[in-house]
Amino acid sequence: MSALAHVAGDPAVAPPPPAPETKKRGWTAYLLLLPGVLWLGVFFILPLVQLASVSLQSRYPGFPGYYYRDLNFENYVSALTDYAPHFARSFLYAGLATFFAFVVAYPLAYAMAFKVGRWRNLMLICVIAPFFTSFILRTFAWSQILADEGPVAAVLNFLHLLPGGNIINTPLAVIAGLTYNFLPFMVLPIYASLERADPRVIEAGGDLYANGFTTFRTVTLPMSMPGVLAGTLLTFIPAAGDFVNMELLGPQRGKMVGNVINDQFLAVPGGYPVAAALSFTLMAAILVMVFLYVRRFGTEELV
Amino acid sequence: MAGFREARGDLQLESVTKTFGDFTAVDDIDLTVPRGSFFALLGPSGCGKTTTLRMVAGLEQPTAGRVRIGDTDLTGSRPYERPVNTVFQSYALFPHLTIHDNVAFGPKRRKDKDAAQRADDALELVQMTSFAARKPAQLSGGQQQRVALARALVNHPEVLLLDEPLGALDLKLRREMQVELKRIQTEVGLTFIHVTHDQEEAMTMADTVAVMNRGRIEQLGPPAELYDLPRTRFVANFLGQANTGVGTIEGRDGDHLVADVLGTKVKVLEARSQVHDGEMMFGVRPEKVTVSRKQPDGVGNDVKGVVRDVSFLGVATSYLVDMPSGTTWSCYEQNLDVEPLDLRPGDDVWLTWNPGHAFGVPVEEIAV
């Protein structure tokens, strides 16, 4: 039983922890950090503080468009009560888009990593190619594709699969648009984690009595979880704050929170404080959701 | 479980061939590995040994031929249907599972209710119990190696395949693991098939060694037999060192063949030669050659050379001697004499050997 005990010393004794780093890094590191810190300070921290201040301001009664510094939490109450349905829709549509993007992306990434051989680079280019045109233009293109006279609606109507008669200007079109627009952000991290996996490890699953599906479920999929996690975050977070897809593909009523913020800032006179409060609430809600999600599904590689 | 094939008995490969496009990795191999033996497939990289192993595992399917264990034909069956497990070269532990779950993976797939207990037992066998809760990335190479061994052994396969399992370990650890692997094999009594390019590793551990070259088995037998009487030039050079010379067979002297090597008459037992006329390459192992200052009288089999290098090794002294044919011979003398030879580079020496130790192999070997 003690067969292997004397091999390589006593395995029960863990290797000693690495000696603490005593070497001084000097100020080169800080110098290298400086441009990034300055950029973040001027273009992220300052606007954020400004936005926080705006979100608490009050307007002068009778003078629309004028505010004074205040600690008015009414804006947040209004953001949460008046616009709760918009928040719910944003998270629902973003969640559905993330789900559909995952369903489309995983097989695509799997094929690219294991099945297509020399076509791999061409497929990668196809996944990235849409980035060469503008996000807005591509979404406009989808409004043509999904239009009532367009190919998708025509085919579905012909097959009597479209009860409402149209796709454009429905939540379905919005979810389709979001799915399409954020698909590469789902494909690329999953592909990267699958491509990195040692094929011998997947073979080991088969060698240890797991058939193809069981090996996928117990070995391949868990090994690609860091990629899945990154992909879902990269899809869900921007999708939840998006307003372009709703604007171009969605219905007139039943907007998402991004559209409300956009309207409050640009279209409603004196809407700045509410828009700022909505922005902060959205940010906080996404942070909480991401935190819970990563805590639940996260792997050591990501947290 | 569906598809799983119980099989007991010797592993047999019958006329197995594997081609990848134009390249023939394994060329019509016939092989029987007796149940419970420690078998080594030895050869340089690209000789087809790993491909042979993968065909036994089911990770590759032969282009032609059959793979059997006992009476069960496994040809065409999937890896998970075979009573065969592999210790992979890079260990291939599941990075997302703990050490315990790695080892329990096989028993769990086979719906073994005692999977957890079996994993504990296997980890104890390789002395890794205290690491059960860790992840593979937190272990050293030697520790991962033992976990990989436990993960395969826990299933009690009919045949255990080891694909260069010690290749990534340092020399000292490798020597110790060689002894341990042999001990475990004796203890569990399973058939082990060990693939390696390290001839010393193969000779230390295996009951039977098959030397592979270019997709074929050149020679198969117990390590001592292969070393003593290689049948091809490749085996003579790959397994240990060989001092060789090429000569023309001129006649017979009793049981011996007499060959002329650049004017020197060399005798080889006829039974120890694979060629009996024409050109022959004769060979003799370094420790079988005696070095002396004066020409020994009697039997012949002596050649005069010039010492090129002397290395004192403690238990022995190793000499490199330039031969008249232009080759360099290696001689290994145990330091038994009271009066040391005290040879220096440049000295003339006579090399001699007992004809019973020499062997003859065909000269031609297809160019690599």
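Into which domains is chain A divided? Chain A splits into domain 1 (51-82 + 268-303) and domain 2 (92-254). This is a predicted model. Chain A has 13 helices and 2 strands, while chain B has 8 helices and 20 strands. The two chains touch: 25 residues of chain A are in contact with 33 residues of chain B.

**Chain A: overall form**

- Chain A holds 13 helices and 2 strands. Its radius of gyration is 25 Å, well over the 19 Å that the globule rule gives for 303 residues, so chain A is more spread out than a compact globule.
- The C-alpha trace of chain A spans about 90 × 65 × 35 Å along its principal axes.
- Of the 303 residues in chain A, 31% are buried.
- Take the contacts in chain A with a separation of 6 or more: 69% of them join residues 24 or more positions apart.

**Chain A: the two domains**

- Domain 1 of chain A is written as two stretches, 51-82 + 268-303, and domain 2 of chain A as 92-254.
- The C-alpha centres of domain 1 and domain 2 of chain A are 30 Å apart.
- Where they meet, 8 residues of domain 1 of chain A are in contact with 8 residues of domain 2 of chain A. On the domain 1 side, these are 5 nonpolar, 2 polar and 1 charged residues.

**Chain A: helix α12**

- Helix α12 of chain A covers residues 257-266. Its buried residues are A:Val257, A:Gly258, A:Asn259, A:Val260, A:Ile261 and A:Gln264.
- What do the buried residues of α12(A) pack against? They pack against four helices of chain A: α3 (84-115), α10 (225-241), α11 (244-249) and α13 (272-297).

**Where chain A meets chain B**

- The contact between the chains involves 25 residues of chain A and 33 residues of chain B. On the chain A side, the elements that give two or more residues are α8 (199-207) and α9 (212-223).
- Helix α8(A) gives the largest share of that side, 6 residues.
- By class, the side of chain A that touches chain B has 17 nonpolar, 4 polar and 4 charged residues.
- Why is α8(A) described as largely enclosed by the rest of the structure? In α8(A), 7 of the 9 residues are buried, so the rest of the structure largely encloses this helix.
- The buried residues of α8(A) are A:Val201, A:Ile202, A:Glu203, A:Ala204, A:Gly205, A:Gly206 and A:Asp207.
- Just after α8(A) comes A:Tyr209, with a positive phi of about 75°.

**Chain B: overall form**

- Chain B has 8 helices and 20 strands.
- Its C-alpha trace spans about 75 × 45 × 35 Å along the principal axes of chain B.
- Buried residues are 44% of the 368 residues in chain B.
- Among contacts in chain B with a separation of 6 or more, 65% are between residues 24 or more positions apart.

**Chain B: a four-stranded sheet**

- Strands of a sheet pair through backbone hydrogen bonds, either parallel or antiparallel.
- In chain B, an open sheet of 4 strands runs in the order β2-β1-β4-β5, with antiparallel pairing. Strands β2 (23-33) and β5 (72-73) of chain B are the edge strands, and each pairs on one side only.
- Strand β1(B) pairs with β2(B) over 7 bridges, in the antiparallel sense. One facing pair is B:Thr19 and B:Thr24, the latter in β2(B).
- The hairpin of β1(B) and β2(B) has 2 residues between the strands, and B:Gly21 takes a positive phi near 60° there.
- Strand β1 (residues 11-20) of chain B is also joined to β4 (residues 64-69) of chain B, by 5 bridges, again antiparallel. Here B:Thr17 has B:Ala64 of β4(B) as its bridge partner.

**Nonpolar cores**

- The largest nonpolar core has 105 residues. Those touching the most other members are B:Val56, B:Val103, B:Ala122, B:Ala150, B:Leu161, B:Ile193 and B:Val211.
- Helix α4 (residues 141-153) of chain B gives the most to this core, 6 residues.
- Beyond its neighbours within four places in sequence, B:Ile193 is in contact with B:Val33, B:Phe39, B:Leu41, B:Leu53, B:Val56, B:Val159, B:Leu161 and B:Leu162.
- Another core, of 49 residues, lies apart from the largest one; its members include A:Ala176, A:Phe236, A:Leu249 and A:Ala277.

Technical notes: Residues numbered from 1 in each chain as written. Chains lettered and ligands numbered in written order. Predicted model: local features only at pLDDT ≥ 70, side-chain atom pairs only at ≥ 80, totals over all residues. Domains from an automatic or database assignment. Contact = placed C-beta atoms within 7 Å. Nonpolar A, V, L, I, M, F, W, Y, C, P; charged D, E, K, R; others polar. Pairing = 2+ DSSP bridges. Rg over C-alpha atoms; globule rule 2.2 N^0.38 Å. Buried ≥ 20, exposed ≤ 12 C-beta atoms within 10 Å, placed from the backbone. Core = buried A, V, L, I, M, F, W, Y, C linked by C-beta atoms within 7 Å.
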